[in-house]
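Please take a moment with the sequence and the 3D structure shown below before reading on.

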Amino acid sequence: MKIELAHNAGFCFGVKRAIDMSFEVVKEQSNICSLGPLIHNKQVVDEFKSQGLTVVDEVEDLKNLDVNKVIIRSHGSKKSDYDYLDFNDIGIVDTTCPYVKKIQNIVYNHYKNGYKIIILGNKNHPEIIGINGWCENKGIVVNSEEEFKNIEILENENYCFVSQTTMKLSIYNNIVNYLSEFANHVIIFNTICKATKNRQESASLLSKKVDLMIVIGGYHSSNTQKLAKVCSENVKTYHIETINDLDLSIFNKDMQIGITAGASTPDWIINEVLDTLKNL
Ligand code: SF4
């Protein structure tokens, strides 16, 4: 059985940075909360909880807690959350990925200058909820070409177009082609993160030459779901969170197996899968 790991699999720069910063603060101080789970990976979140980190969903949930500092996760957060924490004098450990922060700044500055904001992404994803919170939740959020074509682009308005960092490149490109018709009053920012693009390209390449792909990562992780989608367009693909989710009876010695992992999947979970398959 041949097993190949995709180039660019596992923790991306932004997640690694956020996890390192969070471990540092949890190790040194008590009464630390995070605003939402730090990453979309249950195993890593459980590890933090065991070290004393409390997870709250909204800043209002902090009211009755004795809180020293609040970690803003790599997905970022709404402007109103920063305002609330500042107002209540609660310290912030801001681990927002710099690529997400850049989108928030673009949206904030253009909104202030009168642009209507169009955001390509999943309206329920924390990154998009956070970004939309930098234009008073007035952004028009679309998640597909079909949804996008229902927007009425008005001649007398200026628009600013940004995308979720994990958006599938082909959807983004199709919308940008369509937007070129309105080039004189729509300003387009390509905000898809290279880590996502590289992962998708490596996964796609690998999935074309193997008999089966395994995509490792949280079931709620947007970038992992997209990797699984990209691979399943080429070959039978299994999305698993850990080795325990894999039915080992599906493998045989003549198979070529490809493996990739989402940006929020730690090395130890990837290695567990690799080692188990190698030992079959
Ligand atoms: S995928 Fe990209 S944008 Fe998202 S956390 Fe990683 S480096 Fe940052």
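This is a predicted model: local features need pLDDT of at least 70, side-chain atom pairs count only at pLDDT 80 or more; totals for chains, interfaces and linings use all residues.

Strand β10 covers residues 212–216, and because five of its five residues are buried, it is largely enclosed by the rest of the structure. Here buried means under 20% relative accessible area, exposed means over 50%, and partly exposed lies in between, as found with a 1.4 Å probe on the protein chains only. The strands and helices named here are DSSP runs, numbered from the N terminus, where a helix (H or I) has at least four residues and a strand (E) at least two. In a regular strand the side chains alternate between the two faces of the sheet. In β10, Leu212, Ile214 and Ile216 point one way, whereas Met213 and Val215 point the other way, and all of them are buried.

β10 has partners that can be followed in turn. With strand β12 (residues 256–261) it pairs in the parallel sense over five bridges, pairing being assigned if DSSP finds at least two bridges between two strands. Strand β11 (residues 237–240) also runs parallel to β10 and is joined to it by four bridges, with Met213 standing opposite Thr237 of β11. Between β10 and β11 the chain passes through helix α9 (residues 222–232), and this β-α-β crossover is right-handed, meaning that, with the strands pointing away from the viewer, the path from the first strand over the helix to the second runs clockwise.

How many of the residues of strand β8 are buried? Five of the five residues of β8 (residues 159–163) are buried, and the strand is mostly covered. Tyr159, Phe161 and Ser163 lie on one side of β8 and Cys160 and Val162 on the other, so that both faces are covered. Strand β6 (residues 116–120) pairs with β8 in the parallel sense over five bridges, and Lys116 is placed opposite Tyr159. Strand β9 (residues 186–188) runs parallel to β8 and is joined to it by three bridges, with Cys160 opposite Ile187. A right-handed β-α-β unit is made by β8, helix α7 (residues 169–179) and β9.

Strand β2 (residues 32–35) likewise has both faces covered, with Ile32 and Ser34 buried on one side and Cys33 and Leu35 buried on the other. β2, α2 and β3 make a right-handed β-α-β unit. In the loop between α2 (42–50) and β3 (54–56) lies Gln51, which counts as partly exposed because its relative accessibility is 35%. Gln51 and Leu38 are 13 residues apart in sequence, and their C-alpha atoms are 13 Å apart in space.

Some loop residues deserve a look for their backbone angles. Most residues other than glycine have a negative phi. Asn8, however, has a positive phi of about 55° although it is not a glycine, and this residue is in the loop between β1 (2–5) and α1 (13–28). Asn31, in the loop between α1 and β2, has a phi near 55°, again a positive value in a residue other than glycine. Asn8 counts as partly exposed at 36% relative accessibility, and Asn31 is partly exposed with a relative accessible area of 37%.

Which residues surround the ligand? They are Cys12, Gly14, Cys97, Tyr99, Thr165, Cys193 and Thr196, a residue being near the ligand if one of its heavy atoms lies within 4 Å of it. The residues of this shell divide into four nonpolar, three polar and no charged, where Ala, Val, Leu, Ile, Met, Phe, Trp, Tyr, Cys and Pro count as nonpolar, Asp, Glu, Lys and Arg as charged, and the others, Gly among them, as polar.

Notes: Residues are numbered from 1 along each chain as its sequence is written. Side-chain values use heavy atoms; hydrogens and water are left out.
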